[in-house]
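Take a look at the structure below. Let us walk through a few of its parts, one at a time.

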Amino acid sequence: MMTYRVDLNSDLGESFGAWKMGRDGDVLTFVSSVNVACGFHAGDPVVMRATVAAAKAAGVAVGAHPAYPDLVGFGRRNMACTPDEIYADALYQIGALRAFCEAAGMKLQHVKPHGAMYNSAAKKIEEAEALAQAVKDAGGLILMGLAGSKFDEAAAKIGLPYAAEAFADRDYMPDGTLVPRSREGAFVRDAEIAAARVIRMVKEGVVEAIDGTTVKLRPHSICLHGDSPTAVQMAQTLRSRLVEAGIEIAPLAQIV
């Protein structure tokens, strides 16, 4: 009998100062890895430290979530950054979070770029390579990126551990990229539908695109956005349905 295993990840630590974002404590109950904002799109040193401590207490693995320097736009606006700038910005942010992990007696597991940086590098090999090199130079952590994208190619080129990611609450274009947030139908709001889609991804290696065609992907990790109104319900339902379907939930270090 085939054994199915997948990581569940969520982007946390995205509050900063007096501004609060997400239900981090609740979401931590259902995921196996978290991506912690490093101060460029959200988060601050106090929040980073607290998020690492909360993840440790919950027994959840920690990854860095670097982004473009864009607090106002929450890292979701495209920026004309060069590969050298992307490399330096990513390495800087990874190093900051690693320090908090080491202070807490934790090992940093992976790196997942955020927002516009993630989406751009998924399509542009020179940007994906810059990020992959930053991850390697930071200590050979696991790079997490969109399944079937340029991230796969960049990681393979330098022999970097790689985790292909898929999304439970986002719809897909026929080419395997995510439907833009500005477009109708970008989000999957029904938790049961999302769970059924994820089970199919894990067991069959496919997902239905927005036009009804089939996209091939085989994810190591499934992202659950922690900043949506239904984040906790989505996380709870997804985990329950995966376990019922015989799929084991485990952090990336046990999968990649």
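What follows covers a strand and its neighbours, then a pair of helices, then one more helix.

Keep in mind that this is a predicted model. Start with strand β2, residues 33–37. Five of its five residues are buried. Both faces are covered. Ser33, Asn35 and Ala37 lie on one side of β2, and Val34 and Val36 lie on the other.

Now see what β2 pairs with. Strand β1, residues 4–12, runs parallel to β2, and four bridges link the two. In one of these pairings, Leu12 has Val36 of β2 as its bridge partner. Strand β3, residues 61–65, also pairs with β2 in the parallel sense, over five bridges. There, Ala37 stands opposite His65 of β3.

Turn to the helices. Two packed helices are described by the angle and the distance between their axes. For α3 (residues 83–103) and α5 (residues 125–137), the axes come within 8 Å and cross at roughly 30 degrees. The crossing is right-handed. On the α3 side, the contact residues include Tyr87, Leu91 and Ile94. On the α5 side, Ala130, Leu131 and Ala134 are among them. By class, this contact has 10 nonpolar, one polar and three charged residues.

After α6 comes Gly159, with a positive phi near 70 degrees.

Notes: Residues are numbered from 1 along each chain as its sequence is written. This is a predicted model: local features need pLDDT of at least 70, side-chain atom pairs count only at pLDDT 80 or more; totals for chains, interfaces and linings use all residues. Side-chain values use heavy atoms; hydrogens and water are left out. Axes are lines fitted to C-alpha atoms, for helices over the stretch in contact, and angles run from 0 to 180 degrees between N-to-C directions. A crossing is left-handed if the near helix is turned anticlockwise from the far one by less than a right angle, and right-handed if clockwise. Contact means heavy atoms within 4.5 Å. Ala, Val, Leu, Ile, Met, Phe, Trp, Tyr, Cys and Pro count as nonpolar, Asp, Glu, Lys and Arg as charged, and the others, Gly among them, as polar. Buried means under 20% relative accessible area, exposed over 50%, partly exposed in between (1.4 Å probe, protein chains only). Two strands pair if DSSP finds at least two bridges between them.
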